[in-house]
Amino acid sequence: MDTRKRKISILGSTGSIGTQALEVIEKLQDKFEIIALAGGNNSELLKQQAEKFQPKFICATCQPDDLKGKHNAKILQGSEGLEEICSNKENDIILVAVSGKIGLKPTLTAIKNGIDIALANKETLVMAGDIVMQKAKEASVNIIPVDSEHCAIHQCIKDISQVEKLIITASGGPFLRKSIDEMKNGTVTEALAHPRWNMGRKITVDSATLMNKGLEIIEAHHLFNMPYEKIEVVIHPQSIIHSAIEYVDGSVIAQIGLPSMHIPIQYAITYPERYEGIKSKSFSFSEIARLDFEEPNYEKFPTLKLAYQAGTEGGSATVCLNAANEEAVFAFLDNKIKLFDIYTITEKIMAQHNIIKSPSIDEIFAIDKEIRIKTQELIKQF
Ligand SMILES: NC(=O)c1ccc[n+]([C@@H]2O[C@H](COP(=O)([O-])OP(=O)(O)OC[C@H]3O[C@@H](n4cnc5c(N)ncnc54)[C@H](OP(=O)(O)O)[C@@H]3O)[C@@H](O)[C@H]2O)c1
């Protein structure tokens, strides 16, 4: 057992994953030393976190003066600040929990510097999974997934060569029991009312359309080197089984637990050790009344099919999917389009995209930019 304090930085410490990670770390104070905390605009919360946890560095997109307070942290700014944090080899592990494409470059920098990654940010693998996993392999860097589904699979797999398929569970989101029409015209308030998980706004809307599950199959493909036809999605509204794998001999191993992001976050940042940490209560099968499973309804949730399509096409198709969907989600959150338009817009943009088979990182960012501009133009017509 490693008795040394693990040195950690958190990118996105002011977000849903970041704040829960700090709750885990507070419970395991003797196990961690925080090197850096980074947020975006929420300077007040970041300042409070700095005063409480006394990291060596803090970083945000706001003005440095807004972060001055009762702490001794050096104040860094913006994406250059994130690069500086991820170049600091003092870190044993970096939790990448920023939302959006901003996660990709710092992750690559950390990998280059041989620093292990606890990865929450989905866009990193959706945009550049081939490059990120290849670089991590070359640098012998561990990428430990934070997403509860991938964390579940990570815990179930012993030998990937003996795995027949991955079974990813989905709660189904707030529109699971609603009609197609109700889903198509779902309001922002309805889409943000997730029955199981309390998450950031973008991922919550993705959960309402099932695009989140689509992004997860792309992540799973890269993390576990599994072809798309061997990644299955099943709706499981209670979110007790977090995902499962089937071995070639028909044996199925599932990871089960109460629906709390604290558990996968703690697993990822303490891996391979396990501690009691933030566990709130012991799991009891007798308290679980029933577990239900059903096939996804692709007519109601066509974004899931779109993600399978983009993943199978590969190359820049998933960059296009990610950028178009994200712009459409922002437009929905701004009440500019209807919920189902997210799918219609993403599908249209994908149909126009000429796929580049193995794009470089620079090409990925150029495609991302181009797709966002095209999507914003298309949104104006809705
Ligand atoms: N929430 C979950 O349960 C969950 C589960 C699995 C995976 N994920 C993934 O984890 C990531 C984060 O999700 P979340 O739900 O925690 O999102 P969130 O609550 O919206 O938090 C996003 C974080 O990123 C920061 N951020 C945004 N733009 C930034 C920028 N330009 N520079 C630096 N920091 C920036 C935000 O800072 P400010 O708030 O200070 O602006 C905040 O700390 C996403 O990729 C999501 O898909 C989340």
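Mentor: The account below moves from the chain as a whole to the domain contact, then to the nonpolar core and the ligand shell.

The model is a predicted one. The chain contains 15 helices and 11 strands. Its radius of gyration is 20 Å, close to the 21 Å that the globule rule gives for 382 residues, so the chain is as compact as a globular protein of that length. The C-alpha trace spans about 55 × 50 × 40 Å along its principal axes. Of the 382 residues, 47% are buried. Among contacts with a separation of 6 or more, 69% join residues 24 or more positions apart.

The domain assignment divides the chain into domain 1 (6-145) and domain 2 (166-380). The centres of domain 1 and domain 2, taken over C-alpha atoms, are separated by 23 Å. To the contact between them, domain 1 gives 30 residues and domain 2 gives 27 residues. On the side of domain 1 that touches domain 2, the elements giving two or more residues are α1, β5 (93-96), α5 (123-138) and β7 (143-145). Helix α5 provides the largest share of that side, with 8 residues. By class, this side of domain 1 comprises 18 nonpolar, 6 polar and 6 charged residues.

The largest nonpolar core has 109 residues, of which Ala21, Ile58, Leu95 and Cys320 touch the most other members. Helix α13 (residues 317-333) gives the largest share of this core, 11 residues. Because domain 1 (6-145) and domain 2 (166-380) both give residues to this core, the core lies between them. For Cys320, leaving aside its neighbours within four places in sequence, the residues in contact are Ala310, Ile349, Met350, His353, Ile367 and Ile371.

The ligand also involves both domains: the shell around the ligand draws at least three residues from each of domain 1 (6-145) and domain 2 (166-380). In total, 27 residues surround the ligand, and the closest are Gly15, Gly40, Asn42, Met199 and Gly200. Helix α1 (residues 16-27) supplies the largest share of this shell, 3 residues. Helix α1 is also among the elements that give two or more residues to the side of domain 1 that touches domain 2. By class, the ligand shell consists of 11 nonpolar, 13 polar and 3 charged residues.

Definitions and conventions
Residues are numbered from 1 along each chain as its sequence is written. This is a predicted model: local features need pLDDT of at least 70, side-chain atom pairs count only at pLDDT 80 or more; totals for chains, interfaces and linings use all residues. Helices (H or I, at least four residues) and strands (E, at least two) are DSSP runs, numbered from the N terminus. The radius of gyration is taken over C-alpha atoms; the globule rule is 2.2 Å times the number of residues to the power 0.38. A residue is buried if 20 or more other C-beta atoms lie within 10 Å of its own, exposed if 12 or fewer, and partly exposed in between; C-beta atoms are placed from the backbone. Two residues are in contact if their C-beta atoms, placed from the backbone, lie within 7 Å. A residue is near a molecule or strand if its C-beta atom, placed from the backbone, lies within 6 Å of it. Ala, Val, Leu, Ile, Met, Phe, Trp, Tyr, Cys and Pro count as nonpolar, Asp, Glu, Lys and Arg as charged, and the others, Gly among them, as polar. Domain bounds come from an automatic or database domain assignment. A nonpolar core is a set of buried Ala, Val, Leu, Ile, Met, Phe, Trp, Tyr and Cys residues joined through C-beta atoms within 7 Å.
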